[in-house]
Amino acid sequence: MDETSLRTQLEVAVSDEPPLGHLVGNSVRAGRRIRRRRRAAGAASLSAAAIVVVSIVPALTAGTGHRASSPGPAAAEHPTPARTAYVYLGSGTVVPISLATNVAGTPIKVPGGGGEGGLDVTSAAATPNGRTIYEIGTGRAGGAVVTAIDTATNTAGPTITLPRLVQHVAGKRMLASAEPTNIAVAPNGKTAYVAAEEDIFPINLATNTADKPIRIPTRSWAMAFTPDGSTLYVVNPEAGIVTPIRTATNTALAPIKLTVPKTAFGYLFDIAITPNGKTAYVLYGVQGGRPYANWVIPINLATNTALGPIAIQTPGLASGLVIAHGGRTAYVLSTRAVTPIDTATNQAEPAISLPANAGNAYSIALAPNGKMMYALSPRGVVPIRTASRTALPMIKVPQIEPVTELAIAPNGKTIYVGASTRRSRQGGLTMDSGGGVVPISTATNTAGQVINLGSPPAAVTFGR
Amino acid sequence: MTATEDEFVQFAEAASARLRRTAFLLCGDWHTAEDLTQTTLAKVFAAWRRISRRDAVNAYAMRTLMNTYLAENRKKRPGEVLTEQLPELRVDSPSPELRMAVLEALAMLPPKARAVVVLRYWEDQSVDQTAALLGCSPGNVKSQSARALDKLRLLLDDVATEPGPGSLTELPNRTRKGDHGRDVASHSA
């Protein structure tokens, strides 16, 4: 089912629209009541005061940067060669695919997954040695679940159920299920951190148990480790802050308030840390799509302070950030262009335009050798040379499913993107069913045949 | 009425029809849609002076609508009761069977998945914009979207293959539910 066909069906659904009532006048009256209530509540709360404790993060040593802001691990997390791509289907099934042959193996059933209400996988990450993969999702019973997959035997288990959270709704204490949004495995492979609502759950990978959650100010998803793994930086998109977590003690340090430009509707999308561990870059995208509408905010990690925002002068919503050239350049994807930022001067440089036929790109990833970047759009994949800053012609992928990201194999030879198959037209409507992944050879920049798995993937990661 | 309120009224008059249509796709009932829209506009009115960028007010209103809809569902789930027939089906409505099928299929989705579908495919928002509007991760939007589309395919497929009056009988037979699963061997691009 493509966008056009579904849009047509939704138009039919709203076709019996009745005339509008006195919506606007009633809204103004109701809005005035809300203002009055807020003023009354504000006066009552002025007596309360908050105490903020400021801590200092120790200086960081050089090494390799890690980021975990998107499904799938960074290539640098694999000192041992990965041999298999693990494709997570929404049905709670994982299919191993050989990187050498692109042949799908026997599907692995995930406990608590499959069928209606099964495991809804949102992200997955591998341990540095590639021997275990952890996926997160919402289980059949509604709770947040972390499931391990042994890549030596391709079997699932054990399953770790995260504790339910205490929330206060309308003054009442309730137990609620945490919705897991992201997982990052520490560089030493001993602990995984799962972001779920307003908590970060450390998972002890030796015992496969969840430790006491670390409470953070608001919900989060993008996370990045410092190269030495001593600190995990967690982005809290709604609050405009980044929370450092000291991994030795699993404690949250004082949140870093970003100097974000005042807008009605901005959002922190992504974070990446330079390989020398000195600076983090946080991507701040703003709805509206006008020029100058996106910013990148650097954070000095020695002092945990935000520096002045860098304007990204291209139209379209910024949605991806990578750091290349040994940390000398950060690249920001904003729909139809990629803007380099010199990390020595924190100045934006002339943008690299993507080919016109690519449409609106929404995801970007760096090849393991750092020589190429790849931008994903609903029409295909655009290779970009990092040294010469030139975009090559788009690799067209006609079956692309515009809800999945691209995953680059750690050997750098193949890119996998999600695909829909079995497209058919019925009564003027285009319908899709089934899907899988399309392998793209980086040697020839050509897309191969769809590896059909029954449905498009929720996430792709790599293991031994 | 102050100048600021005049400005809000202008915005609300321009935006209310669109907001109500989106709200209708979220809840499946025009009366509830009107309530959702009114609550949304009241919240936008209350925040009007704090919205410094007028070009972003539509996004602000859409996010408020989504928050209001999801909060309502949390308070009184299930928000909808599935019935054999939808009320108030106008005879002059185009493709009434398809309309009913689409509304019933949407009603089968969990509230957040339904919001994802409406934002992605009715409001034409990107994955990242949808994530921003719902306050969740793009990965979550992707997985919700993929599963919701799968479910919609199956539900609309059933209707499409049932014999009956109306435009849907003109659709050719499609793959049935049982054929929808994994099919590694029979690859067809």
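Mentor: Let us begin with a sheet: in chain A, four strands make up an open sheet in the order 3-2-1-42, and the pairing is antiparallel. Strand 3 (108-109) and strand 42 (457-463) of chain A stand at the edges with a single partner strand each, so one side of each is left without a neighbour in the sheet. Before going on, note that this is a predicted model, in which local features need pLDDT of at least 70 and side-chain atom pairs count only at pLDDT 80 or more, while totals for chains, interfaces and linings use all residues. Residues are numbered from 1 along each chain as its sequence is written, and chains are lettered from A and ligands numbered from 1 in the order in which they are written.

Trainee: What counts as a strand, and how many strands does chain A have?

Mentor: Helices (H or I, at least four residues) and strands (E, at least two) are DSSP runs, numbered from the N terminus. By that rule chain A has two helices and 42 strands.

Trainee: How many bridges join strand 1 to strand 2 of chain A?

Mentor: As a general idea, two strands pair if DSSP finds at least two bridges between them. Here strand 1 (residues 84-89) of chain A runs antiparallel to strand 2 of chain A, and six bridges join them, with Ala85(A) opposite Ile97(A).

Trainee: Which strands pair with strand 12 of chain A?

Mentor: Strand 11 (residues 191-196) of chain A pairs with strand 12 of chain A in the antiparallel sense over six bridges, and Thr191(A) stands opposite Asn204(A) there. Strand 14 (residues 214-215) of chain A also runs antiparallel to strand 12 of chain A, joined by two bridges, with Asp199(A) opposite Arg215(A). Strand 13 (residues 209-210) of chain A pairs with strand 12 of chain A over two bridges, again in the antiparallel sense, and Thr209(A) is the bridge partner of Asn204(A).

Trainee: Which residues take a positive phi in the hairpins of strand 12 of chain A?

Mentor: In the hairpin of strands 11 and 12 of chain A, with two residues between the strands, Glu197(A) has a positive phi near 55 degrees. In the hairpin of strands 12 and 13 of chain A, with four residues between the strands, Asn208(A) has a positive phi near 55 degrees.

Trainee: Is Tyr134(A) buried or exposed?

Mentor: A residue is buried if 20 or more other C-beta atoms lie within 10 Å of its own, exposed if 12 or fewer, and partly exposed in between, with C-beta atoms placed from the backbone. Tyr134(A), found in strand 5 (residues 132-138) of chain A, has 23 C-beta neighbours inside 10 Å and therefore counts as buried. Contact is a separate idea: two residues are in contact if their C-beta atoms, placed from the backbone, lie within 7 Å. Leaving aside residues up to four places away in sequence, Tyr134(A) touches several residues, among them Val146(A), Ile183(A) and Ala192(A). For whole elements, five of the six residues of strand 12 (residues 199-204) of chain A are buried, so this strand is largely enclosed by the rest of the structure, and across chain A 54% of the 464 residues count as buried.

Trainee: Why is helix 4 of chain B described as largely enclosed?

Mentor: Nine of the 12 residues of helix 4 of chain B are buried, so the rest of the structure largely encloses this helix; the buried ones include Leu98(B), Met100(B) and Leu103(B).

Trainee: Where is confidence lowest and highest among the helices of chain B?

Mentor: pLDDT is the predictor's confidence in each residue, from 0 to 100. In chain B, confidence is lowest in helix 7 (residues 138-161), at a mean of 76, and highest in helix 5 (residues 111-122), at 92. Chain B averages a pLDDT of 70, with 65% of the residues scoring at least 70, and pLDDT stays under 50 over residues 76-92 of chain B, for which the model has 12 contacts beyond four places in sequence. For the complex, the predictor gives an ipTM of 0.74 and a pTM of 0.63.
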